Amino acid sequence: MSDKMKDMKTSSASRRTVLVGAGAGAVAAAVPLRRGLAASRIKVGILLPRSGPQAQTGIDCQRGADIAPDVLRAMGYPELEYMLGDTETKVDIARAQAEKLIDAGAHVIVGAFDSGQTMAAAQVCEQRNIPLVVNIAAVPKLTELGYKWVFRSFPTGPMIVGDAFRNQKKLFGMNGATPKSVALLHVNDTFGTSLAGALFALTPKFKMPYKIVEKISYDPYGRDFSAEVRKVKAAKPEALWAVSRLNDAIAITKELVRQRVDLMGILSTGPGWYEDAYLKATGKYGNDVINLAPWIDFKKEMARKMRDAFRNKFPGRNMNTNHGYTFDAMLIVADAFKRAGSTRNTDLQTALQTTNITNNTTIGEGIKFNKKGQVPHVPCAAVQNRDGKPLVVLPEYAAVAKPTWPMRPWTKR
Amino acid sequence: MDFWTLTNAVASGLLIGLVYGLSALGLSVIFGVIRIVNFAHGEIMVMGMFFALVMFRWLGMDPLLSVPLAAGLMFVFGYVLQRVVVSRVSHLPEHMQFLLLAALAIMIVSALLLIFGPDAQGVEVDYAWESFAFGELIIDYPKMFAAIAAVIVASLLLAFFKYTTTGKAIRACADNRMGAQVVGLNVDRLYALTFGIGAACLGAAGAIILLLFEVHPYLAPGYTLLAFVIVIIGGLGSLFGALVGGILIGVSEAIAAILFQPSMKTAFSFGLLILVLLLRPQGLLGKAAR
């Protein structure tokens, strides 16, 4: 028998196998095994603003995701397979991209940094019965609308504001300098509006020693912020409380210096003022700002491992909330997948509902969701920019430096 | 609101408005002569910003000193673009021209992203954080220098169109293309020159604006929209109108921010635009269609 004949025979003999295989394949295609089979890896759709005005922050969040697989694998967690989605900093695109990731086989969605975009993704995940693990988004209704597939370890706006008040009181008490008047400058997007709303609602409850003398909302994607700062100056506050994004925070700082607005302090709640790009762009003028924000607790083992991996992969960069909470979201997914032992949506949902992680990276006791899918209390820190680095100054158990308050005047730096 | 707060706002709006006006001049020049709406307007300006950024990083060159270089480079870019690409679609329906320039805009953004990444980047000149005061009036140096540079560039451009033979020839093309051809003008070359001059304006504006704002690839659409608003308010095709429109937008936004809320600034500009369209559709200094 020639070789060719042998090949044909072999081919003929295996045809049955092929048919059986094809039949099995057809059955497999008919049943949504994608979400049912035990699997060695889980497909995670990471939805972030990777282009548009929030691109820098979205890409910064991705850095937290990028270091997670190696760190988690080394700690015995299963493999994570990433699928990337770009919201383009737009709510409608966030919705479409969430759909696309799910259609492409994502077992779970992580994202989406911005409250409005995350709300859009949450609606899709709810309709499609796919878990959404929120990395960063503070709008309270995300976990107040009865969603069954949304899980958030990030604090809500009222939690952030509540801790911001508590940390401010400690800060003023420690240093004996209390502002009597504060101007509130906030972005007019979903995040800024909800946070500013929470701030106003909670001010009487916390009996703060100051009066909010001016509340100024602005478009974070504007060009010139001189008018915003001029309005602050006209109100003559002793301190400024800013709820900003990144580029506007840089521009506002420049205007504060140029318009010679000296303050007892700048308090920031939200992103922008602690980010690397801000610290580089503002240099010495970015120092002394107090960020009242959720933060990383480097006293935790997981946070230290994350920091080591981060330093290797992104030398010269400072770590911040974006990295910690995006890393924690990956940890939540890996932990749930490990316990579920399957990528089936309902198995993952059940596992997520029973999450109990104490060795995470961010400040607080750990991650345990309530019935709404929210970690009930997520403490926030006071983080001060010092010599171009954000350092935790409060709460005491996570602090690595003592606060400088009041801040130094612009001309004495 | 006290007098000085308002005075400071008006002064700042005036200075920034001059810079906005210069950036809108590029759009007005191109539309006024070639009758093509440049949807890649903001992107070309952002290219000028990045060029000035590179010159600052490599040579330590102040963006104001980069202005002639950025203008020259963008002139060549605009000239070649008109000759090689835009001239070939000028006979096609307008929506196809729009698409071509919108596609070009997307390509420029993608290229800038590849080269420079998404981060906002700026220059740290010695006077970046400095200001001076006349009593309660505080003017910051970057804004003042940017406005002076914008006035110089705009004056040179207006003088070019008014006093030079080439400038007059371009105006002749704008007034009557066929007439210009009949008297022997090389219209294709003049169109390419015009596109080059428009792009040079944007290059210069980009280098100047870098003094004031950080640059990132996604900055462009906002500037394109702003230029449209300014040019429509000032009068399509009117160079002086673009400057006036820029000042009006700058000042009205500053006053709106002070009197109402800063988040109302953009709404105020668009309100002004609607008002002009209703009361004087040809723009404040534009010629009525005959």
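Start in chain A of this predicted model and select strand β6, residues 181-187, together with β7(A): the two strands pair in the parallel sense, over seven bridges.

Seven strands of chain A form an open sheet, and reading across it gives the order β7-β6-β8-β9-β10-β11-β12. The pairing is mixed. At the edges are β7 (211-218) and β12 (389-394) of chain A, each of which pairs on one side only. From one strand to the next, the twist averages 25°.

**The contact between the chains**

Next, show chain A and chain B together. Chain A gives 31 residues to the contact and chain B gives 27. On the side of chain B that touches chain A, colour α1 (3-34), β2 (137-140), α10 (239-259) and α11 (265-279) of chain B; these are the elements that supply two or more residues. The largest share of that side comes from α1(B), with five residues. Colouring the chain B side by residue class gives 13 nonpolar, nine polar and five charged residues.

**Two helices in chain B**

Show side chains where the helices meet. From α6(B), select B:Thr166, B:Ala169, B:Ile170 and B:Cys173. Facing them from α8(B) are B:Val187, B:Leu190, B:Tyr191, B:Leu193 and B:Thr194. By class, this contact has seven nonpolar residues, two polar residues and no charged ones.

**A loop glycine**

Finish at B:Gly60, in the loop between α2 (41-59) and α3 (63-89) of chain B. Is this residue buried or exposed? B:Gly60 counts as exposed because it has 10 C-beta neighbours inside 10 Å, and the cut-off for exposed is 12 or fewer. Then select B:Val125 and draw a C-alpha to C-alpha distance from B:Gly60: the two residues are 9.0 Å apart in space and 65 residues apart in sequence.

Definitions and conventions: Residues are numbered from 1 along each chain as its sequence is written. Chains are lettered from A and ligands numbered from 1 in the order in which they are written. This is a predicted model: local features need pLDDT of at least 70, side-chain atom pairs count only at pLDDT 80 or more; totals for chains, interfaces and linings use all residues. Two residues are in contact if their C-beta atoms, placed from the backbone, lie within 7 Å. Helices (H or I, at least four residues) and strands (E, at least two) are DSSP runs, numbered from the N terminus. Ala, Val, Leu, Ile, Met, Phe, Trp, Tyr, Cys and Pro count as nonpolar, Asp, Glu, Lys and Arg as charged, and the others, Gly among them, as polar. Two strands pair if DSSP finds at least two bridges between them. Axes are lines fitted to C-alpha atoms, for helices over the stretch in contact, and angles run from 0 to 180 degrees between N-to-C directions. A residue is buried if 20 or more other C-beta atoms lie within 10 Å of its own, exposed if 12 or fewer, and partly exposed in between; C-beta atoms are placed from the backbone.
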